[in-house]
Amino acid sequence: MSENAKNITIKGLFWNAIDRFGYQVITNLTTIVLARIFAPDDFGVIYVLAIFTTIATSLVDSGLATSLVRSKVVKDVDYSTMFVFNLLVSGAIYLILFIAAPYLEELYQINNLSLYARVLFLQILVQAFGIVQYVKMLKSFQFNLTARVNFIAVLGSAIVVVFLAWIGLGFWGLLLQAVLYAFFRSVLLWVWGNWKLDLSFSKESMRTHWGFSISFMISNLLGKLLSPLYNNLLKMNYTTEDVGIYGMANKLGESPNLLISSVVQGTTLSTLTPLQDDFPRFLNACRKTMSSLAFLLFPVSFLAICVAEPAFQTLLKEKWNDAIPLFQWLCFAGLFISLTDMNVNFLTIKGKSKFALVLEVIKVGSAVGIFFFTYQHGLLAVVFGQLAIRILCYIIAASMSVKVYGYTIFTQAKDLFSSFLISLLAAVIAYLPLYFGWIHNNLFLLVVQTLIFALIYIGINHFIKNQIWMEVLNLAKKKISNKV
C-alpha cells in the first residue's frame with residue numbers, strides 16, 4: 001500500500017471510528033434508557049415492523065450508491081439519475097406500505113399497528129433525499145463530514161426521543177427514533193454537502209450502473225433481512241414479549257461486531273477501490289485490513305461476552321435478564337458476520353457482486369430452513385442455529401475470496417489468529433472475578449472486569465510488538481508531538 005493510500009486509509013479509519021463509535025454509543029445508551037422505561041413487548045412491535053423498513057431502504061438505495069462509490073469516474077448526470085430514481089422508488093414503496101398498513105395490523109394482531117407503521121415508514125421517504133450528498137462525501141474522502149453529520153443526527157434524535165419519553169408520550173418516543181434520525185441526517189447532508197439539486201435523468205447512466213447495482217441490491221437486502229426475518233418468524237410462534245427479548249439481545253449482541261466492521265468497511269470501500277486492478281497491492285491491502293479488523297473486533301466482542309451479566313444487571317432491569325445468554329451467543333455469532341461481510345466487501349470492490357448475491361441466497365435459505373428445526377426448542381436453540389449458519393457463510397465467503405483474488409482461508413486464519421487468541425485469554429482471566437463471586441457489586445465488577453481485560457490485551461500486544469498496535473502507538477506519538 002502506497003504512503004498516500006495508507007495515510008488516506010488511516011485518516012478514514014480514524015473518522016469512521018469516531019462516526020460509528022459515536023453513533024453506536026449514543027444509540028445503545030438511548031436503547032438502554034428506553035429499555036428501562038418500556039416493556040419487551042413494546043420493543044417487539046418495532047422489531048416486527050423492522051423487516052419492512054429493511055426491505056424498503058435496500059430497494060431505495062438499489063445498489064446505485066455503492067456502484068458510484070466504487071466507480072473510478074462519476075459524472076454529474078450519474079448523481080442526478082440516482083437521486084431521481086431513489087426518490088421515485090421511495091415514494092412508490094411508501095405508498096404501497098401506507099395502503100398495506102391495515103392488513104399488517106390484521107396479520108400481527110397488534111392494536112394500532114397500522115398507525116405505527118405509517119409513521120415509522122416515513123423514514124423511507126426521508127432517507128432518499130440524502131443519499132447523493134453522502135456518496136459525494138465518500139468519493140472525496142470527506143470522512144470528517146460524514147462523521148459530523150451522523151453524530152449530530154443520532155445525538156439530536158436521541159435527545160428528542162428521550163424528552164418525548166420523559167414528558168409521558170410513551171411509545172411514540174420509541175417509534176419516532178428512526179424517523180428523526182433520518183430527518184436530521186438528510187438535512188445536515190444538504191447543509192454541508194456540495195451537490196446542487198438536479199433532476200436530470202439518464203437511461204445510459206442507469207444501464208451503466210444497473211448491472212452491478214441489481215446484484216448488490218439483492219445481496220445487500222438479503223444480508224440485512226435475516227435478523228428482522230427471524231423477528232417475524234418468532235412472532236408467528238412466540239409472544240410479542242419474546243420477540244422483544246430476542247430482538248434486544250440481537251440488537252445489542254450484533255452491535256460490537258457491526259460497529260467495528262462498519263468502521264473498517266466504510267473506509268475500505270473508498271480507499272481500496274483505486275487498487276482493485278493491482279493484484280499484489282490489493283491482496284496485501286486486504287490482509288492488512290483483515291488484521292486491523294481482527295485487532296479491534298475480537299477484543300470488543302469477547303469483552304462484551306465477558307461483562308454481559310454485570311452490564312445487564314447494572315444498566316437494565318430484571319425484565320431483560322432472559323436476554324443475557326442470547327446476547328452472549330449472538331455476540332460470538334456476530335464475529336462470523338463481520339468476517340463474512342469483510343470478504344463480501346472485498347469481492348464488491350472487485351466488482352463481483354454476483355458472488356455476494358449467491359452467498360446471501362444460501363444464507364437466507366439455510367437460516368429459514370434451520371429455523372423450523374430449532375424454534376420448537378426455545379430461543380437459545382434458535383440462536384445456536386444462527387451461529388451454525390454464520391460459520392457456514394464465512395467458510396463460503398472465504399472460499400469465494402480465494403477464487404477471485406487469492407486470499408486463502410489458511411492465510412485469513414493466520415491474520416486473525418493472534419488477536420483471537422489474545423482476546424480469548426483476556427476474556428477468560430477477566431471472567432474469573434464473576435465466576436468465583438469475588439465481587440458482589442455489579443457496577444464495580446463491570447469496571448474491574450473491563451480493566452483486567454484491557455490491561456491483558458494491550459499488555460500482551462505491546463510485549464509481542466504487534467504491528468498494528470505499534471502503528472497505533474506511533475500515530476498517537478506523532479499527533480502528540482505535532483500539538484506540542
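Me: By class, what residues does the lining of the second largest cavity have?
Reply: A cavity is a set of points on a 1 Å grid over the protein atoms alone where a 1.4 Å probe fits but cannot get out, and lining residues have an atom within 4 Å of a point. Here the lining is Phe-336, Ile-337, Thr-340, Asp-341, Lys-363, Arg-390 and Cys-393. Ala, Val, Leu, Ile, Met, Phe, Trp, Tyr, Cys and Pro count as nonpolar, Asp, Glu, Lys and Arg as charged, and the others, Gly among them, as polar. The lining therefore divides into three nonpolar, one polar and three charged residues.

Me: What kind of model is this?
Reply: Residues are numbered from 1 along each chain as its sequence is written, and side-chain values use heavy atoms, with hydrogens and water left out. Local features need pLDDT of at least 70, side-chain atom pairs count only at pLDDT 80 or more, and totals for chains, interfaces and linings use all residues, for this is a predicted model.

Me: How much space lies in the second largest cavity?
Reply: The structure holds three cavities of 30 Å³ or more. Grid points are joined across faces, edges and corners, and a volume is the space filled by probe spheres set on the points. For the second largest cavity, that space is about 40 Å³.

Me: Which helix gives the largest share of the lining of the second largest cavity?
Reply: Helices (H or I, at least four residues) and strands (E, at least two) are DSSP runs, numbered from the N terminus. Two helices, α14 (323-349) and α16 (379-405), each supply at least two residues of this lining. The largest share is four residues, and they come from α14.

Me: How many residues of α14 are buried?
Reply: Buried means under 20% relative accessible area, exposed over 50%, and partly exposed in between (1.4 Å probe, protein chains only). α14 has 27 residues and is mostly covered. The buried count is 22.

Me: How far apart are the end C-alpha atoms of α14?
Reply: The expected span of a helix is 1.5 Å times one less than its number of residues. With 27 residues, α14 should therefore span 39 Å. The model agrees, because the end C-alpha atoms of α14 are apart by 37 Å.

Me: Which residue follows α14 with a positive phi?
Reply: The phi is near 85°. The residue is Gly-351.

Me: How far apart are the end C-alpha atoms of α8?
Reply: Helix α8 covers residues 143-166, which is 24 residues. At 1.5 Å a residue, α8 should span 34 Å. The ends agree, at 34 Å.

Me: Is Lys-465 buried or exposed?
Reply: Lys-465 sits in the loop between α18 and α19 (467-483). Lys-465 has a positive phi of about 55° although it is not a glycine. With a relative accessible area of 57%, Lys-465 is exposed.

Me: Is Asn-231 buried or exposed?
Reply: Asn-231 lies in helix α10 (residues 203-235). Contact means heavy atoms within 4.5 Å. Leaving aside neighbours within four places in sequence, Asn-231 is in contact with Tyr-47, Val-243, Tyr-246 and Gly-247. At 5% relative accessibility, Asn-231 counts as buried.

Me: Which helix gives the largest share of the lining of the second largest pocket?
Reply: A pocket is an open set of grid points with protein on both sides within 12 Å along at least five of seven lines. This one has a volume of about 680 Å³. Helices α1 (3-37), α11 (240-271), α12 (279-306), α13 (308-315) and α18 (442-463) each supply at least two lining residues. The largest share, six residues, comes from α1.

Me: How many charged residues does the lining of the second largest pocket have?
Reply: The lining has 22 residues, and Asn-28, Ser-255, Pro-256, Ala-304 and Leu-315 lie nearest the centre of the pocket. Of the lining, 18 are nonpolar and four polar.

Me: How far apart in space are Val-25 and Leu-259?
Reply: Val-25 is found in helix α1. Val-25 is partly exposed, at 44% relative accessible area. In sequence, Val-25 and Leu-259 are 234 residues apart. C-alpha to C-alpha, they are apart by 9.6 Å.

Me: What share of the residues of the protein chain counts as buried?
Reply: The chain has 19 helices and zero strands. It has 484 residues. The buried share is 55%.
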